[in-house]
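The stops below go from aromatic rings to a strand and then to a pair of helices.

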Amino acid sequence: MPADAHDVPVPGNLDGILSAGQKFITAMGPGYSLYAGQLAALEQQLLEGRFHLAVLGQVKRGKSTLINALLGEDVLPSSVVPLTVIPTFIRYGIQRQIRVRYNDGRPGTVLSGEPAPWLNKQLRGFVSEDENPKNVKGVLQVEISHPAAILRDVILIDTPGIGSTYRHNTQATMDFLPQCDAALFVISADPPITEVEVAFLKEIRSRIGQLFFVLNKVDYLTDTERELALGFYRTVLILDAGIDPATRIFAVSARKGLQAKESDDTLQWEESGLAEVFDHLIAFLAREKNRVLRDAIGRKALDVFHDVQLQIGLEMKALELPLAEIESRLSLFDKKIAEAKEQRIHAQDILTGDQKRVHAQLEAHIESLRDPLCKRLTDIAESAIAASPQDPEDAAQLAVGDAIPAWFERELGRITFVMDGEVASRLKDHEERADDLIESIRTAAAELFEIPYRAPQGERAYDPVRKPYWVEHDWDSSCSPLPALVISRLLPRSLRGSQARNRTKKQIDTLVMRNLENLRWETLQNIDTAFRKFGADLDTNLSLTIEATHGAIRFALARRKNCEAESAERLFQLKNAAAEIQEVIRQFEAVQKRS
């Protein structure tokens, strides 16, 4: 094995290695369950880390038909008005299944069945306005499992139609977009692009890494009309929406694409234009991302197998060396573990100090928002008062109340991004110290018991822990009229405006205070959860490492003293296991040599 294995390529059957590795390691006994759990977590990460592609667009543009064409069958309901806040996540699964999650946290609904018409019918009960008016069922999001081949590389996200959602609560949707790898924005030749769509695009263009456009329904156009339409939309998108001129626009017929998939007509699939979409967005972008993801997970899996190899070696030594020699080496190892525990106490003190420093940064950031927000809302109220001299206070209250949720959803996204970066930066240093601490135990064990050992090469990354962006936040936007409001309507217009300004200012101060506290509390919970999780993970990993080294030796020693015959049988099992682990490692090395 080369000294620097950071770029270890991964065997093509990584999924199979992770699955088989879990079964094999579990059979080794409870002392190895740690490693089976690590492989299971990597397998889940591989599943969840697939390329995320959001499909955006106004109602009636053909989003559902486009997604159905990519899936190969009529799964999503079309020609219905979607609810305002219900996204649909479509993931790979052997069986077609629907999982519905609710706003109030009650147990989700899981529905399984075949075939696509059944799935379509069940979905209508949750995502269509006619069967779930105004979301009376309290649906938060819907997840679909489907066996379409495309979903092995991509998670499709069907977002609510812009025509019914472009109001302040869509900020939660827009804050979600940076978590996606790319988005397809669906427009069509009929009707032309609207002001709502252009405004939406201006808002999201900086929030997502890759944005592509699909001009749908081109089968209704002649070749000349298609070229004119593409030229027109490109001009509008560049000049009015500020889109990068290099952004790709695909001309497709989602209807023909779905028909082609259902009839397995390769030629029609090419003619529909969706083959090009698939090749460019899915085959290239998704696989490129998945290659990076698979390499990272493969390196971590290789680390796990090397850790298993170390523990097997330690257990074998404990069954082979003279008892006196084992006891002597264990005594030296005890001292190393005691040192590690002392270092852990010191590390916890530093971690607590960094957590307090991040708290102070958050408080300063929140306080810096107060005056600008008060001024912004005051200006909004002033404009409303000037425009409505007959009822200035009502107008001011409505304008301020409407502005608050959008501003705070936007600020939540911004402050979350800043605080995530700060927490990640600080925890990165702690992770390096924690890794060194845990590695010192493994290295000491390998040296004391003369076992070849390879240090881990996989990188760990800070994973923020927070609620999903789709969760709506309860911002206080209620401006309750004061009792004097009735009397003020009897005053002259000049005095009405003055009193409206005074009362509205007091209400603005109160609303800003309450909502900033909500923002502070929401962000503080995410920060504390991240630090708490890191500390708990470090303690768990340290304990498990000690158990996997020191504990494994102690256990094997006790087994040897109690039953020599059982020890011989275990030694035979360990030698076979060592050969199997070595074969897995050889597969990684063989791929590396071929690359």
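Select Tyr-32 and Tyr-35: both are buried (under 20% relative accessible area with a 1.4 Å probe, protein chains only; exposed is over 50%, and partly exposed lies in between). This is a predicted model, in which local features need pLDDT of at least 70 and side-chain atom pairs count only at pLDDT 80 or more, while totals for chains, interfaces and linings use all residues. Residues are numbered from 1 along each chain as its sequence is written, and side-chain values use heavy atoms, with hydrogens and water left out.

Now show the rings. A search of the whole structure gives five aromatic pairs (ring centres of Phe, Tyr or Trp, the last by its six-membered ring, within 6.5 Å; planes under 30 degrees apart are stacked, over 60 edge-to-face, the rest tilted). Tyr-32 and Tyr-35 make a tilted pair, 6.2 Å centre to centre with 50° between the planes.

Next, select Phe-232 and Tyr-233. Their planes are at 65° and their centres 5.3 Å apart, so this pair is edge-to-face. Phe-232 counts as partly exposed, at 42% relative accessibility, whereas Tyr-233, at 2%, counts as buried.

Then pick Phe-185, Phe-200 and Phe-213, which ring pairs link into a cluster. Phe-185 stands opposite Phe-213 of strand β8.

Strands pair if DSSP finds at least two bridges between them. Strand β1 (residues 51-57) runs parallel to β7 and is joined to it by five bridges; Gly-57 has Val-186 as its bridge partner. Six bridges join β7 to β8 (residues 211-216), also in parallel.

Finally, select helices α12 (residues 323-387) and α13 (residues 392-448). Their axes come within 9 Å and cross at roughly 165° (lines fitted to C-alpha atoms over the stretch in contact, with angles from 0 to 180 degrees between N-to-C directions). That makes α12 roughly antiparallel to α13 (over 145 degrees; under 35 is roughly parallel, 65 to 115 roughly perpendicular, the rest oblique). Coloured by class, their contact shows 34 nonpolar, five polar and 10 charged residues (Ala, Val, Leu, Ile, Met, Phe, Trp, Tyr, Cys and Pro are nonpolar; Asp, Glu, Lys and Arg charged; the others, Gly among them, polar).

Conventions. Helix = DSSP H or I, 4+ residues; strand = E, 2+ residues; numbered from the N terminus.
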